[in-house]
Amino acid sequence: MTSVKLSDRLRAVADMVTPGLVLADIGTDHAYIPIYLTEQKRIPRAIAMDVNKGPLLRANTHIQEHALSGRIETRLSDGLTALRPGEAQSIVIAGMGGALTIRILKNAEASLNRGMASEWNPDSHTSIFNLDGSVSVKDSDDSASAMNSSDSASVVDSGNPVSAMDSGNSVSAMDSGNPVSAMDSGNLAAVKDSSHLGRTWDDLELILQPQSEVSEVREYLMRSGWRIVREDMVFEEGKYYPMMKAKRLPPMDVHEREHSGESGRDHSRAPGREYSGKHSAGYSQAELAFGPELLRMRHPVLCQYLRKERKTQERILESLEKGQGEKAAARVREIQNQICLIDEALNRYFSD
């Protein structure tokens, strides 16, 4: 089986995932991103989630074709509801509308505010990787739940996110420093999973690629205690796809953001670098509309989009100026404001 090949859009999304973190891919469909990142050895394991069983069955098929059943689990879930605290530190939501993306995040606010990486006890779980691709997690009470991973149509229930082990084979302990590649020469290898060691609230990240209402998603992040640390934009098959990576603001910064007017924007960072400081995340209207990091980087695809969008708005304005009445006048003002916002963004490309 050849390695999975991603579209430019999905590859750009995958490239935002921090290496070494456990991934939860929401709305996984074919599980392309988890398979790609696992094959590239960028992540130790992944949970591929979808609200419908059909996509999960397709995902299971692809996962087994790539012999990754021991490292990628499928799970039926409406958004993040079936993800337990501590199971993943990198959460990908790509290809959904902005309103749905916001709804998923709002419904998970309680878990996200606790810090989903902070409640996992790494000493109470041992991942057991079978050479045929199956995997189990053995709890500290020595009980392990089992399921035959060769059953391609099975979908792990949200209440038991554990796949299976063959209890008839011996298990040998391996070094926890290499939970991915260390395998026993027998049929099974027990690997103490160290991927959660030392994780804090600051390790939790959101990788979002909304198909619509992108500015609303950015505004939701800003108001909910997240900072955008990285953005990218891809032009593919005639469409523009912006995407973003967000991390939690420190608790003190959330308080300061709510009680001060300080924007805390930092335009001194080098292009391509993620922000790692401790400031509040307040954005201007142009930044909410077009992306604070895209503008800071002077991203070439965004510039192309802005020029195209300005021409589109100018044509709309010309047609509206022929109209009469308050409704037409209000629409004219709306388009004029949009053009001003585009010009503000374009000026970032030519200012020192």
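I started with threonine 2, which I found in the segment before α1 (8-14); I keep in mind throughout that the model is predicted.

Next I looked up which residues threonine 2 is in contact with, leaving aside its neighbours within four places in sequence. I noted Glu39 and His66 as these contacts. I also checked the separation from glutamate 65, which lies 63 residues from threonine 2 along the chain, and the C-alpha atoms of the two are separated by 9.6 Å.

**Helix α6**

I turned to helix α6, which covers residues 214-223, and listed its buried residues: Val214, Val217, Arg218, Tyr220, Leu221 and Met222 are buried, so the list includes an arginine and a tyrosine under the cut-off of 20% relative accessible area. After α6 I came to glycine 225, and I recorded that its phi is positive, near 85 degrees.

**The whole protein**

I then stepped back to the totals, where the secondary structure comes to eleven helices and eleven strands, and buried residues make up 51% of the 352 residues. For the contacts between residues at least 6 apart in sequence, I noted that 67% join residues at least 24 apart. Last, I wrote down that the protein exposes about 16500 Å², with carbon and sulfur atoms supplying 47% of that area.

Note on methods: Residues are numbered from 1 along each chain as its sequence is written. This is a predicted model: local features need pLDDT of at least 70, side-chain atom pairs count only at pLDDT 80 or more; totals for chains, interfaces and linings use all residues. Side-chain values use heavy atoms; hydrogens and water are left out. Helices (H or I, at least four residues) and strands (E, at least two) are DSSP runs, numbered from the N terminus. Buried means under 20% relative accessible area, exposed over 50%, partly exposed in between (1.4 Å probe, protein chains only). Contact means heavy atoms within 4.5 Å. Accessible areas come from the Shrake-Rupley method with a 1.4 Å probe; for residues, only the protein chains shown count as cover.
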